[in-house]
Amino acid sequence: MPMQALDAITLNHLAAEYRQLLVGAKINKIQHVSGNEFILGFWGISGANWAEFGETVQNHRLYINLTPDHACCLFADPTLFANWMVPVFEKPTAFCMLLRKHLMNAKVLALDTLPGERVLNISVENFNELGNRVLLSLSIELMGKQTNMLLVDTVQNIILGAAHTVSAGMSRYREVGGGLPYAPPPRPLEKKLFDLTTEPEFLQMIEGMPLNTLPLELPALFWGISKVMAEDVVAISNHSGEVYAALKRLVNGTDLQPGLTAEKTRFSLLSPGDSAKWSQKPSVMTLVKDYYASVLSQTRFKRLQQQLESGLARRRKQFEKKQQDLESVDTTEIEAAQYKGDLILTAVSMGELPPSPTDSKITVTDMTTNQPVNITVDPTLTWSDNAQKYFQRARKKKARQSAFEDQTDHLTQEQGYLDELQRMVTQADSVADLAALREEFEGAGILKQSSPEGLKVTPGRGKSKTKNKSKPSKKDISGVMTLQSSDGFGLLVGKTGEGNAWVSGKLSAPEDLWLHVHLMPGAHVVIQTNKQDIPDQTLLEAANLAVYYSSARDSKNVPVIYTQCKHVRKIPGSYPGHVNYKQEQTVFITPDEVLIQRLIP
C-alpha cells in the first residue's frame, strides 16, 4: 500500500521524544538484517521515560528502514519485527562491522534534525583502540530516493562509511562515501524555512491564493512542509490568518493531537475533522510505531503472498506439461513398431526378402491381409537387427507408457495438493501463516531453499540441529492455530499442509474428533475431547471452522465429515495432510460469520 512519508515536522517531534529516551544511553546492539534494514539496541534507558510516552515495553529497539518508498525509523518491541522484516544477511556486512567497530558501547550525547529536512542525527562519544575519546554522528537521511545512513567523524568532518555510496556520476550535487568530507543534503534555495518567516511575510506570500489551493502551494513555498501536513493545517483553518497560527502550532509542537485512522492508512499530528475518525495516540513515537508497523506488515504480507503465488504458477505449468506428456503416449505406436518387426522376420522366413538389405525402404506382404506394407530399414544392418530395432522401439514406448500410467495417481494427488496450497495462500490471515507456508513450499521444492528469509524450520521437516527430541508444544509449531470452543474444549486448526499433518497426527489423541469438508480442499480441525462427550455447540463451532478454512467458505449447506482421530491415517508417500479415514459421519454447515469471528482472536 502507498505509505505516508515521514515528513520533516513529524521527524523533528519524534527526535524530541527520542532525545528524552536516548541521551545518556549506550548502544549495545547493531544488526544489518537486509540491504535496507538496520536495528540498533540501547541500554540505560529510563523506564519512567517509556511510561511518559505511553509505552509499557522497555526493551524496544530502533528499527531503521532505508528503502526509498518505505523510509522510516521507529522504536518497537523486537517481537514485532518478524511481521515486517525479511532477514537476508547471515553474516555481518562490511558496513555493519564498521558500525560495530565505532558505535558499540558508544554513549548517546544528543539527537537532533536538520532544519526543514528529513534527517535524524544521533551524536555519540566513544573511545578508540588507543583509549582516545572520539565524537561521531550517525546521520539517518530519510529522503525518498536519496535515503541513506552515514557514519561521520564530527571532529574531522569525514564520512567513515555509508549504507549506500553515491559517486559524482550518480549525483552532481553531493558525493557520499568513506573518506569523503561530509556535507549536509543540499536545500532548495527557492524555498524558505517557515520558522524563520514572520506572519506579515507569510500573509504577503500567500496573498490572493484561495484557501483550497494552499495544500499544494505551501509545500512549494516552504521547506519541510509536506502536502499531507498542509492539508491538515487548511482543514482546521477558516482564513489565511488561521493558517499561519495552525502552522506555528504544528511546527512548535503546541497542543498536538497525534492520531491514526481506524484503517491505519494515514496519520496526523493535528487529527482534523471528525474526532471519531481518529484513534488518538499518547505520543508521536507511538503514532509512528503503530502506523509504520501496520504498513510494513501489510507490505511484507503482500510480498510473501506474491512469492508463493508465483511459485504455485510455475509448479502448475510443470504439472500441466506432465499431463500433456501422459496424454501424448499413443498405444498404436507401440503396436505399429511390434507389427513391423514381426513383418520383417516373417518376410525373411518366407524368402520374400534378399539375404541382406540393399535399400532403406522395403515392401513386404502382410500374410493375414495380403496387403503390401512399406517399412523403413537401415541398409547397414541385418534383417534380424532391423527387426530387433523395431522391437526395442516398442519396448521403450511400452515402458514409457507404463511409467506414465504409474504417475496417474501421483498427478491426481499433486493436483489436490496444489489446490490445497492455493487455498491456504489465499486464506492466510497473517505474515506468520505465509512464512510457515513458505517453509512448506521450500520443503516441497516449489520454491528454492532460502536461508535469506531467516525462517524457522517447521517441526518434522529437515534435520534438527539440536538433540532435544521432546515433543514440541502447539505454540512452537508453525501452521497450527489453537482456539477454544464456547464449552471450553480445545480446537486445533491446520493452517498449512504440515500444520494439518500435526493436527491430525502427533497433536491429537485417539479419542479426539477430526473434522474436514467433504471432497474439497480444507483445513484439518480437531476437537480435543479429553475423553468427554462433545456438546452439539462445540461440534457446530468446529464444523464452522472447517468450512471457513476451506474452498467452500462462501458456500451454503457444506458437507463436513467427522470421525475419531484413531480412524484417520496418513497416506504413505503422499503430501502432508493427505489422509484416509473411516467410520465418518456428516453434518451440513452454512458458515456463521459472527460465530467464527467470536472464536478467532
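Which residues do ring pairs link into a cluster with Phe-202? Select Phe-194, Phe-222 and Tyr-244 along with Phe-202, and you have the cluster on screen. Keep in mind as you go that this is a predicted model.

Phe-202 belongs to helix α4 and Tyr-244 to helix α7, so their pair links parts of the chain 42 residues apart. The ring centres are 5.4 Å apart and the planes meet at 50°, so the pair is tilted. Both Phe-202 and Tyr-244 are buried. For another geometry, jump to Tyr-291 and Tyr-292: this pair is edge-to-face, with 4.9 Å from centre to centre and 80° between the planes. These two tyrosines are buried as well.

Next, select helix α5, residues 214-221, and colour its buried residues: Leu-214, Pro-215, Leu-218, Pro-219 and Leu-221. Look down the axis of α5: the buried residues fall within an arc of 165°, so they line one face of the helix. Now show what they pack against: β10 (192-193), α4 (199-205), β11 (222-223), α6 (227-235) and α7 (240-252).

Then move to Arg-553. This arginine lies over the face of Tyr-548, 3.8 Å from the ring centre. Its charged end also sits over the ring of Tyr-549, at 5.8 Å from the centre.

Finish with two loop residues. Leu-519, between β19 (513-517) and β20 (525-528), has a positive phi of about 60° without being a glycine, and is exposed at 73% relative accessibility. Asn-530, in the loop between β20 and α13 (536-548), is another non-glycine with a positive phi, about 55°; its relative accessible area is 60%, so Asn-530 is exposed.

Methods. Residues numbered from 1 in each chain as written. Predicted model: local features only at pLDDT ≥ 70, side-chain atom pairs only at ≥ 80, totals over all residues. Heavy atoms only, no water. Buried < 20%, exposed > 50% of the residue type's maximum accessible area, 1.4 Å probe, protein only. Helix = DSSP H or I, 4+ residues; strand = E, 2+ residues; numbered from the N terminus. Arc of directions from axis to C-beta. Contact = heavy atoms within 4.5 Å. Phe/Tyr/Trp six-rings, centres within 6.5 Å; stacked < 30°, edge-to-face > 60°. Lys NZ or Arg CZ within 6 Å of the ring centre and 35° of its normal.
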